[in-house]
2 protein chains.
Amino acid sequence: MTREQQIQVFLSSLHQNLCQLFAEQDGGKFEFDPWTRGPSGTGLAGRGITAILEDGQVLERAGVGFSDVSGTSLPPAATARNPHLAGRAYRAMGVSVVMHPRNPNVPTSHMNVRFLSAADTWWFGGGFDLTPYLVNEVDVVAWHQAAAQACAPFHPALYQHLRKTCDDYFYLPHRGEARGIGGIFYDDLNDATAQFGMSWERCFEFMQKVAAHYRDTYLQIVRARYQLRYGDREREYQLYRRGRYAEFNLVLDRGTLFGLQSGGRAESILMSMPPLVRWAYRSPDAELDARLMPYLTTLRGHDWRARAEV
Amino acid sequence: MTREQQIQVFLSSLHQNLCQLFAEQDGGKFEFDPWTRGPSGTGLAGRGITAILEDGQVLERAGVGFSDVSGTSLPPAATARNPHLAGRAYRAMGVSVVMHPRNPNVPTSHMNVRFLSAADTWWFGGGFDLTPYLVNEVDVVAWHQAAAQACAPFHPALYQHLRKTCDDYFYLPHRGEARGIGGIFYDDLNDATAQFGMSWERCFEFMQKVAAHYRDTYLQIVRARYQLRYGDREREYQLYRRGRYAEFNLVLDRGTLFGLQSGGRAESILMSMPPLVRWAYRSPDAELDARLMPYLTTLRGHDWRARAEV
């Protein structure tokens with residue numbers, strides 16, 4: 001198999017595996033919507049599968065997307081670090097996951113792994129991050145321990161670097177808040193990356209570790225929290241906080257904006273949006289704010305790897 | 001009074017008048033939140049009043065904002081047509097209104113009037129547009145008749161020009177849909193505007209007409225529709241369609257994005273957001289889509305001034 005075939009086989013099977021495991025956890029079913037596009041005037045063509053579970057018992061809305069898109073001309077925006085490749089033919093493959101649970105005690109999660117190749121060059125990208133509403137600090141610790149474990153085999157400083165990239169990226173300047181409690185995020189990882197340069201094989205291994213650690217850790221958090229009791233008060237707070245998630249995705253997320261601007265499928269791109277969102281002039285709950293907000297402001301960048309006091 | 005004082009007095013009284021009339025219609029109360037800002041590092045300073053009515057009987061969320069902001073350096077983005085003014089001191093004043101009614105039979109409405117001055121130059125901007133969920137065609141006709149009447153005293157071709165500007169602006173390319181059924185929209189109107197150049201006094205008169213026609217026509221539509229019956233089906237459709245409104249404001253609206261990027265007050269800027277929004281992979285109601293969508297697609301640009309068949 002070529003490298004691209006190996007990636008494609010892995011991503012397809014990851015897509016199926018995630019859908020199966022989270023459908024089992026939920027008790028509901030993912031609807032699979034395969035799509036193809038192009039070739040369009042911009043030379044873009046490809047296919048994908050959007051898998052979506054809506055109105056589940058555990059997951060109020062969950063989207064797992066696979067896409068494999070080729071273009072005749074790499075957009076300049078995709079190649080800031082490699083301007084000489086703009087205009088070259090390229091191929092981009094990836095799996096994206098966003099889970100919006102019903103119970104406000106279960107955090108929203110996001111994971112993405114992707115591979116881009118153009119001419120003789122290739123890059124890996126991806127990561128995962130967690131957005132709690134009612135924070136359980138043990139979950140924050142478990143999440144960052146998993147992130148650190150995914151990175152550990154590759155470089156002793158990799159986790160710290162990618163954790164910071166994640167904190168920097170998932171931030172809402174207009175609110176002065178992080179989107180959540182972070183995780184890891186990387187872009188343009190290849191054998192020429194300063195300090196962390198890894199062979200194609202090692203980068204591919206890392207992609208697999210990222211996906212596996214996300215899956216196992218998030219499932220563990222879901223299982224620990226989805227039966228906790230909550231009332232209208234917690235639900236209302238969750239709906240209000242989901243507004244920040246919507247703001248991040250629509251105002252700031254590069255992938256979402258690039259997808260919408262390049263004529264991608266709006267429903268597939270926006271599978272990341274929360275199912276139900278409330279905007280209000282003021283937070284409905286100062287007490288719940290007082291519990292959550294430190295994690296998104298003063299504790300942003302805190303090293304969570306040490307075990308939490310339970 | 002100087003010109004700027006005249007504008008300021010008019011906008012302040014418009015702000016109060018709109019709040020009073022719509023509070024009476026609703027039976028609820030606007031909360032007035034006065035704010036000041038700066039002078040910041042960017043030389044921006046000013047004041048405003050955000051008036052907000054939430055959870056009313058008729059209006060689920062209504063925001064009426066007044067702002068009066070001065071800066072030491074006009075941003076290049078604000079002066080595309082007058083690049084020689086970038087970096088000059090400026091003053092911007094305006095009133096913005098967004099009304100999200102509870103009853104899906106009542107359309108959402110938006111109105112804005114603004115005045116910008118820099119060096120010896122000044123511009124007026126503004127307009128109003130309507131976003132129905134369950135369309136009553138008589139409302140569409142009344143809305144465009146009001147828009148045409150506001151424009152008629154100033155130039156025979158003004159309405160047609162501003163109607164088109166409105167259709168072009170309030171459009172979601174990623175959905176291939178208009179945000180609503182339009183209205184009028186203008187930017188950079190002054191005595192040097194080709195074809196429609198008007199004196200400062202005439203431009204100010206037009207500002208007043210725009211505000212008055214919006215107010216009277218929207219109140220008339222609200223009164224005609226707010227007691228119509230609806231059920232879960234219509235409510236669910238409204239929540240789903242409000243997602244498009246949120247997408248437009250957060251992805252596309254220049255005022256919203258410029259405000260958020262320039263460090264404006266997020267809560268005041270985002271008073272335009274709907275109170276409750278649902279995102280779903282598919283429209284929940286093909287039949288209601290079949291009634292609404294033609295107005296946002298094939299009928300976009302239709303001349304609605306002729307009386308509707310009722």
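Through which surface do the copies meet? Because 100% of the interface residues of chain A are also interface residues in chain B, the copies meet through the same surface. This is a predicted model, in which local features need pLDDT of at least 70 and side-chain atom pairs count only at pLDDT 80 or more, whereas totals for chains, interfaces and linings use all residues. Residues are numbered from 1 along each chain as its sequence is written, chains are lettered from A and ligands numbered from 1 in written order, and side-chain values use heavy atoms, without hydrogens and water.

**Sheet of chain B**
- Seven strands form an open antiparallel sheet in the order β1-β2-β3-β4-β5-β6-β9 (strands are DSSP E runs of at least two residues, helices H or I runs of at least four, numbered from the N terminus; pairing requires at least two DSSP bridges).
- β1 (31-37) and β9 (182-189) are the edge strands, each pairing on one side only.
- The twist averages 5 degrees from one strand to the next (axes are lines fitted to C-alpha atoms, for helices over the stretch in contact; angles run from 0 to 180 degrees between N-to-C directions).
- β6 (residues 121-131) is joined to antiparallel β9 by six bridges, and B:Phe128 stands opposite B:Ile184 in β9(B).

**Helices on the sheet of chain B**
- Helix α1 (residues 3-26) packs on the sheet, touching β1, β2, β3, β4, β5 and β6, at about 10 degrees to the direction of β4(B) (contact means heavy atoms within 4.5 Å).
- Helix α5 (residues 232-252) touches β3, β4, β5 and β6, and its direction makes about 160 degrees with that of β4(B).
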